Amino acid sequence: MRIALVSTIALVLIANGLTPVFAGYRVEAEKNKVYTISKEHGPWMIMVASFSRVRDESLQTEGLSPREAAMELMYRLRKAGIPAYVFEQQGKVERIATQNRMQQAEERIYAAQRGMICVLAGNYTGSDADDAKRTLDFVKKFDASFLLDQGGRFKPTPGQPTPLSGAFLTINPLLTPEEVQAASIDPLLVKLNTQYDHSLFENKGQYTLVIATFSGKSSRYATEDQEKSILDSFTISNSLDQAASDAWKMTDSMRNATKFGYDENLEAFLWHDRHKSIVTIGSFDSPDDPRIPRLIERFSAKQKSLQANPNQQVLVAEYFSLPKVNDVTQAKQYWLFDPNPRLMKVPRSRR
């Protein structure tokens, strides 16, 4: 075998303590098919192993090439249910102008980038997930003896007794740190937002409009005096559970708005984080979508005159009620929209 099995690679950035999520679902595994990574994969992955030729020609034997070995390992991991990919980096040689000890100008050649081929596994958005740790443990213990049986060379150490025991957690090498940060999602948020219908993860667009916010001390309309300022029209709820429940009920009701007397059902979505729950509306591929200004105008708070003093105006929130009524005091249930709807990027789950 004309390769040496290497378990580390200096090019790929490492984030200590960050782990991808176990991919226990069925993945495609077709013999000799090349599954290569792209920017859509990850951002968190497992560096399984990298392969290179043995530099000492006297140690070279017949067997698999580095590429063949990587392809075989990728295939076997996929057969085991792990989404694995190959990543190949060509060597790069650069020339630099410098001076020798005699202060004479000269040109030197150096290896700016080492050529290699490696196997990465997983498509994970966040860190500290239990199934992610199980995936890494599984990969480290995966039987890769076939590599050695076919002539591969591996030098065990106390810290790396088997060929894949040096697997570690890393980021997609095609992404910049800024792209990784933008694509990463706290695993807790993944859990919180995969337990309900109408999750924002279901939104196919790039942007959506936040129209209602429910926090631990959530704002819930309670006044019977329609002439008070909106800032005086809220009571406080101390429960995040209640906030999440209110947000879900609002989202579901908006999606079934025609049942309550409205002209159309609304494309509403739900999102929970560590501090609040939000309701959004719409799916947009661009922040310049012409529908956005119209929706902002529709759901934002309006300046209205007081009945007792027509010359005095106050900011009054729009609302969604069950059923649809002109006088909110006649509604069985209702929720206020945020005074100023805002655009947000749609989070992505790469499970």
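Predicted model: local features only at pLDDT ≥ 70, side-chain atom pairs only at ≥ 80, totals over all residues.

Reader: What makes Glu 88 and Arg 67 a salt bridge?

Author: The label asks for a side-chain nitrogen of Lys or Arg within 4 Å of a carboxyl oxygen of Asp or Glu. In Glu 88 and Arg 67 the closest N and O atoms are 2.8 Å apart, so the pair meets the rule. By this rule the count comes to eight salt bridges.

Reader: Where do Glu 88 and Arg 67 lie?

Author: Glu 88 is in strand β3 (residues 84-89) and Arg 67 in helix α1 (residues 66-79), so the bridge links distant parts of the chain, 21 residues apart. Helices (H or I, at least four residues) and strands (E, at least two) are DSSP runs, numbered from the N terminus.

Reader: How far apart are Arg 76 and Glu 72 along helix α1?

Author: They are four residues apart, about one turn of the helix. The closest N and O atoms of this salt bridge are 2.8 Å apart.

Reader: How do you know that the buried residues of α7 are on the same side?

Author: In helix α7 (residues 291-299), the buried residues are Ile 292, Leu 295 and Phe 299. They cover an arc of only 65 degrees around the axis, which puts them on the same side of α7; the arc is that of the directions from the helix axis to the C-beta atoms. An α-helix has 3.6 residues a turn, so residues three or four places apart point the same way. The face turned away from the buried side of α7 carries the exposed residues Pro 293 and Arg 294.

Reader: What covers the buried residues of α7?

Author: The cover includes β8 (207-215), α6 (240-255), β12 (276-284), β13 (302-305) and β17 (342-345).

Reader: What makes a set of residues a nonpolar core?

Author: A nonpolar core is a set of buried Ala, Val, Leu, Ile, Met, Phe, Trp, Tyr and Cys residues joined through side-chain atoms within 4.5 Å. The largest one has 36 residues, and those with the most contacts inside it are Ile 46, Val 48, Phe 51, Leu 73, Leu 77 and Val 119. A second, separate core of 24 residues includes Ala 212, Met 254, Leu 270 and Ile 292.

Reader: Why is Pro 341 called buried?

Author: Its relative accessibility is 11%, so Pro 341 is under the 20% cut-off. Pro 341 is in the loop between β16 (333-336) and β17. Leaving aside neighbours within four places in sequence, its contacts (heavy atoms within 4.5 Å) include Leu 209, Ile 296 and Phe 299.

Reader: Why is the pair of Phe 299 and Phe 337 called edge-to-face?

Author: Rings of Phe, Tyr and Trp (its six-membered ring) pair if their centres lie within 6.5 Å; planes under 30 degrees apart count as stacked, over 60 as edge-to-face and the rest as tilted. The structure holds five aromatic pairs. Phe 299 and Phe 337 have ring centres 4.8 Å apart and planes at 75 degrees, so this pair is edge-to-face. Phe 299 lies in helix α7 and Phe 337 in the loop between β16 and β17, so the pair ties together parts that are 38 residues apart in sequence.

Conventions:
Residues numbered from 1 in each chain as written. Heavy atoms only, no water. Buried < 20%, exposed > 50% of the residue type's maximum accessible area, 1.4 Å probe, protein only.
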